[in-house]
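Visitor: Hello! I am new to protein models and would like to learn how to read one. Could you take me through it step by step?

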Amino acid sequence: MGGFAAKLLDYPLDTVKTLLQVNSATAQGAAASSAEGSGAVVYRGAWHCLQHTVENNGIRGLYKGISSPLLGSMAENAVLFWMYAHCKRWIAFASGGVDPIVASKTADQDDDDNMSLLQLSLAGAGAGFGAAFVLTPVELVKCRLQVQNSLSSGFRAYRGPMDVIVQTVKTEGIARGLYRGHASTLLREIPGNFVWYGTYEGVCKMMTPVDGTKADLGPSAHMLGGAAAGVGYWTAFYPADTVKSKIQTNPDHAGKGFIETFNVVLRQEGMRGLYRGWGITAARAAPAHAAIFAVYEYSLKLMS
């Protein structure tokens, strides 16, 4: 439920982020000959992108493709937090703790207070690895629906999420189609979730009262930790997300790997191109991720 609530909150700005990544001024300039023929508008920044999208496609344009990530967010967060719990048990076992199989049957939640911040962060990285296998196809569907009615004139027109899946599998296959950009997703999720969980747990540890436990914390601590974690997640390795968006939506990058695409963007657009859209992404991440952790912790208390 936390992921569902967060996605409703931040999706319009996610659309702006994706459009900025794949329709940057410098990228358009690098392909000026094709842009001249298409009459494409170049986004000058987040506000121009937002304004242009609303004027041409209405408010609905900002929510293009939201059904896929809404459903995907529930699967993603279910896998993410499930993997996090199990990775914590295995790391604790490796450090001399209880057998993880026994722990999973006898405890509703792990004793985070007895684990170091590094251990919790490593568990987060492991969770990110698992979540990437859910995220790659979900985000491919999302990104293609977000950009098809924007500045990329000539891009395949899809009728909806299922049409994206059917057409992608039919023309590109599963490994090279639905999982296109998977390496970029892994390079975003592993360090991103190392920082995401590490930041959240770090804030919780700092705010835990003397002689108290994490269970003593209230919603304000969870929201503050979640907000900080969201900004940290997107700051960890944002260029991986830029590369992923380009690989998944631009036919010119078909068959290209992460390093090759990264070098192309760096050469044509510089570091600014790799971090295009980071500001608005970090701004939306704070309230969205605050909601994720607040709802998650509240759900845990209800279930216990």
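This is a predicted model: local features need pLDDT of at least 70, side-chain atom pairs count only at pLDDT 80 or more; totals for chains, interfaces and linings use all residues.

Visitor: What about charged residues? Is Asp14 buried or exposed?

Guide: The reading works by the number again. Asp14 has a relative accessible area of 4%, so Asp14 is buried. Asp14 lies in helix α1, residues 2–22. Beyond residues up to four places away in sequence, Asp14 touches Lys142, Gln146 and Arg284.

Visitor: And is Glu76 buried or exposed?

Guide: Glu76 is buried because its relative accessible area is 17%, and the cut-off for buried is under 20%. You will find Glu76 in helix α6, residues 67–94. Apart from residues up to four places away in sequence, Glu76 touches Ala131, Val134 and Leu135.

Visitor: Now a residue in a loop, please. Is Ala215 buried or exposed?

Guide: Ala215 has 54% relative accessibility, so Ala215 counts as exposed. Ala215 is in the loop between α11 and α12. Sequence and space can be compared here too: Ala215 and Asp113 are 102 residues apart in sequence, while their C-alpha atoms are 9.6 Å apart in space.

Visitor: What is the phi of Asp211?

Guide: Start with the general idea. Most residues other than glycine have a negative phi. Asp211 is not a glycine, yet has a positive phi of about 65 degrees. Asp211 lies in the loop between α11 and α12, and counts as exposed because its relative accessibility is 81%.

Visitor: Let us step back to the whole protein. How many helices and strands are there?

Guide: The protein has 15 helices and zero strands. Of its 304 residues, 50% are buried. The accessible surface is about 14000 Å², and carbon and sulfur atoms account for 63% of that surface. Now consider contacts between residues at least 6 apart in sequence: 77% of these join residues at least 24 apart.

Visitor: How should I read the packing of two helices?

Guide: Two packed helices are described by the angle between their axes and the distance between the axes. For helix α12 (residues 219–236) and helix α15 (residues 278–303), the angle is about 135 degrees and the axes are 6 Å apart. That angle is why α12 is called oblique to α15. The crossing of α12 past α15 is right-handed.

Visitor: Which residues of α12 and α15 meet?

Guide: From α12, the residues include His222, Met223, Gly226 and Trp234, and from α15 they include Trp278, Arg284, His289 and Phe293. By class, the contact of α12 with α15 has 12 nonpolar, six polar and three charged residues.

Visitor: At roughly what angle do α11 and α12 cross?

Guide: Helix α11 (residues 182–207) and α12 cross at roughly 150 degrees, and their axes come within 8 Å. Angles over 145 degrees count as roughly antiparallel, so α11 is roughly antiparallel to α12. This pair has a right-handed crossing. Among the residues in contact are Arg188, Trp196 and Tyr200 of α11, with His222, Gly226 and Trp234 of α12. The contact of α11 with α12 divides into 13 nonpolar, eight polar and two charged residues.

Visitor: And how do α11 and α15 cross?

Guide: Their axes come within 13 Å and cross at roughly 65 degrees. α11 passes α15 in a right-handed crossing. The residues that make the contact are Trp196, Tyr197 and Tyr200 of α11 and His289, Ile292, Phe293 and Glu297 of α15. They comprise five nonpolar, one polar and one charged.

Definitions and conventions. Residues are numbered from 1 along each chain as its sequence is written. Side-chain values use heavy atoms; hydrogens and water are left out. Axes are lines fitted to C-alpha atoms, for helices over the stretch in contact, and angles run from 0 to 180 degrees between N-to-C directions. Helices (H or I, at least four residues) and strands (E, at least two) are DSSP runs, numbered from the N terminus. Angles under 35 degrees count as roughly parallel, over 145 as roughly antiparallel, 65 to 115 as roughly perpendicular and the rest as oblique. A crossing is left-handed if the near helix is turned anticlockwise from the far one by less than a right angle, and right-handed if clockwise. Contact means heavy atoms within 4.5 Å. Ala, Val, Leu, Ile, Met, Phe, Trp, Tyr, Cys and Pro count as nonpolar, Asp, Glu, Lys and Arg as charged, and the others, Gly among them, as polar. Buried means under 20% relative accessible area, exposed over 50%, partly exposed in between (1.4 Å probe, protein chains only). Accessible areas come from the Shrake-Rupley method with a 1.4 Å probe; for residues, only the protein chains shown count as cover.
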